[in-house]
Amino acid sequence: MCSKIILVLMVIFIVTTGGETCHPNDLKALTDFKAGIRYDTSFRLEKWNGSTDCCKWEGILCDNSTGRVIELNLPGLLTLYDAPAQTVMDGQLSPSIALLSSLEILDLGEVLELKGQIPPLIGNLTKLRKLLLDTNKLSGPIPDSIGKLPKLEELCLKENYFSGSLPFSLGSLRSLKSLDLSSNKFSGSIPDSMENLTDLESLTLQENFLTGHIPNNIGNLRALKELDLSNNFLTGGIPFSMNKLNSISSIFLGNNQLEGEIPFPSSPGQMSSLAFLRLNDNHLTGRLPLFFGHLKSLQRVILDNNQIEGPIHSNFSDLKALTMLYLSRNRFSGKLPRTIGLLSQLQFLDLSYNMIQGPLPLEMSTLTNLQLLDLSFNHLNLSSIPTWLVELPSLFQLHLAGCGIQGEIPGYLERPASILQELDLSDNHITGSIPAWIGSFTSLYLLNLSQNSLASKIPDTVTKLGRLGVLDLHSNRLWGPLNLVFQMQSSGGLTYIDLSDNSFSNDIEQADMGTQQGIQYLNLSHNFLHGKVPTSVGKLQSLQTLDLSYNRFDSVLPESLANASILVNLELQNNLFTGRIPDGFLKLTKLKELNLSDNLLSGQIPFGEPLINFPKSSYSGNRGLCGKPLATCSPHTVYPYIT
């Protein structure tokens, strides 16, 4: 009798604990999954073997009562020794994963190299709460059966190669709180059924190929806190129903083709939690809503590249939390309100390319946290740079291009020299010389004084600009030697130099261009430079554009230029270059634009790509040149033939 009782108890124990072995379906699903992985740099799958219960395998969690697998948790980003570590799994996602019918969490996110498709039978995993497959190389459509997951709370498929339309069945995921399908290749419209996801808190669909309208009743998603539909091809207007999104904290709709007016807020008190608003690069029109200043939680507003018009409201002063305001390339007009000085937290202010009128309100001098100020190309007619402006203690980027500034560069501009990183005074009416104290701008990365009437040498102190990356002085009346430009001891290295349309007239043969190997763009055109092009130009391994056109160079073309192997644009027209085109120019395989016209070049054009692909106009005006694409060379003259 006792032995029978013991036997019954053992059976009960085995049934309730699930025994020591996997359920057959779970075991097949996991072993098939492992078989599909070619390598795993975390070595977690290496420990999966048949001699142990699968519930003890790393990344697997089973239900204590049923013994069924409820979690497959193998993310690629791990924490090892209190530091993040990226691991990789390379292989195919097995369709057998759909056999894990008790699974609640499937996390294979960020393993980077996982390929294949979501199994069509994914809908069998009816207990699934989290499906995380982000940052991989998965492809294909989202199966319609995804809508059969009634408990799904989080679906993250971002940064893959998924394509096709978003299935209508997504609207059946009534428990969903977070949906992230960003950075894929989805196309078609956003299904109206998604209006049913009333528990959704985060909807992220940016960087796809979605078209059509934003669903009219998107305002039904009352729990929504984050909405990102940016970088798609959405059209139509912004739905008025968005006024009902009272929990919303961020709205990103930039880089679409949306039109019409901004419909929110339509009354005070709406969207009281909205902190981040990005509607840039659309076709929005009309004026800002009257109650825009009531969005008192706003921290960042980016509305640039639209067609919004009218004045900037004085009630903007109520946006006390505002740190970033980008309104550039719109049609804003009128004067800036004096209340703008009350935006005490403002750090970035870009109002460029509008129709704002001067004078600037003196109250702006209280913006002590302001780091970037761009007022370029408005109707300010400043005449001079306000002294209070250069005294702003946090300012490190100052852009006043096309603001009607006249006279010489004022000496008081030297005051913020220690922290100023960008200074753009281009397209004004500035006269006189470039001051020697410019060398005290030791933090300067960008200096743009182009399109003015400066008439002087470049001061020797320019060599002290140790962090300069962009130097643009084109279209002035500058003269003297250029060599010192290439003598800057720049820690980051100059990447952009434009000295075109000036009066530089020296021989630059001895200029050691090789000291600035980071130069990507070099334009010395429309000057009076003569002699030889420095052989050191071949050391510019990062050079993509070289323009020496409209000068008086009277030497042979430098063979060393062939070493600038990633050159894309080469403009040498209207000089006095002589001799043959170097055979080494055939190494310039990335060349897209070439102009050697109107020189004194002779001989056969080296035969081969890319040189034979350019039109005749690239070589015209050189009487001695022949060969494709020009006329065939005379058989009586021996020319080099390159195969």
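Predicted model: local features only at pLDDT ≥ 70, side-chain atom pairs only at ≥ 80, totals over all residues.
What covers the buried residues of helix H2?

Within H2, the residues Asp26, Ala29, Leu30 and Phe33 are buried. They cover an arc of only 90° around the axis, and that puts them on the same side of H2. Now to the opening question: the cover over the buried residues of H2 includes strand E1 (37-40), strand E2 (60-62), strand E3 (69-73) and strand E6 (89-92).

Let me turn next to empty space inside the model. Rolling a probe the size of a water molecule over the atoms shows where empty space is left. When the whole structure is searched, three cavities of 30 Å³ or more are found. The largest cavity holds about 60 Å³ of space, and its lining is made up of Ile190, Met194, Glu195, Leu203, Pro215, Ile218, Leu221 and Leu229. If we sort that lining by kind, seven of the residues are nonpolar, none is polar and one is charged. The second largest cavity has a volume of about 40 Å³, and it is lined by Ile312, His313, Ser314, Phe316, Ser317, Leu325, Pro337, Thr339, Ile340 and Leu343. Here the division is six nonpolar, four polar and no charged residues.

Which residues does Cys156 contact, leaving aside its neighbours within four places in sequence? They are Leu131, Leu132, Leu133, Asp134 and Asp180. As for distance, Cys156 and Leu454 are 298 residues apart along the chain, and their C-alpha atoms are separated by 56 Å.

The second residue is Leu529, which sits in the loop between strand E36 (521-523) and strand E37 (530-531). Is Leu529 buried or exposed? Its relative accessible area is 0%, so Leu529 is buried. Not counting residues up to four places away in sequence, Leu529 touches Leu482, Phe504, Ser505, Asn506, Ile508, Leu524, Asn551, Arg552 and Phe553.

With a relative accessible area of 37%, Pro481 is partly exposed, and, leaving aside its neighbours within four places in sequence, Pro481 is in contact with Lys457 and Asn506. Asn506 was also among the residues that Leu529 touches. Pro481 and Ile508 are 27 residues apart along the chain, while their C-alpha atoms are separated by 7.9 Å.

Finally, a few words on the backbone, starting with the cis peptide bonds. One of them joins Phe264 and Pro265, with omega at about -5°, and Pro265 has its place in the loop between strand E19 (259-260) and strand E20 (276-278). Another cis peptide bond joins Gly358 and Pro359, with omega at about 0°, and Pro359 lies in the loop between strand E27 (355-357) and strand E28 (372-374).

Glu110 has a phi near 60°, and its place is in the loop between strand E7 (105-107) and strand E8 (112-115); at 28% relative accessibility, Glu110 counts as partly exposed. Asp427, which is not a glycine either, has a positive phi of about 55°. Asp427 lies in the loop between strand E31 (422-424) and strand E32 (429-430), and at 32% relative accessibility Asp427 counts as partly exposed.

Terms used: Residues numbered from 1 in each chain as written. Heavy atoms only, no water. 1 Å grid on protein atoms, 1.4 Å probe; cavity = no way out; pocket = protein on both sides within 12 Å on 5 of 7 lines; lining within 4 Å. Points joined across faces, edges and corners; volume = space filled by probe spheres on them. Nonpolar A, V, L, I, M, F, W, Y, C, P; charged D, E, K, R; others polar. Contact = heavy atoms within 4.5 Å. Buried < 20%, exposed > 50% of the residue type's maximum accessible area, 1.4 Å probe, protein only. Helix = DSSP H or I, 4+ residues; strand = E, 2+ residues; numbered from the N terminus. Arc of directions from axis to C-beta.
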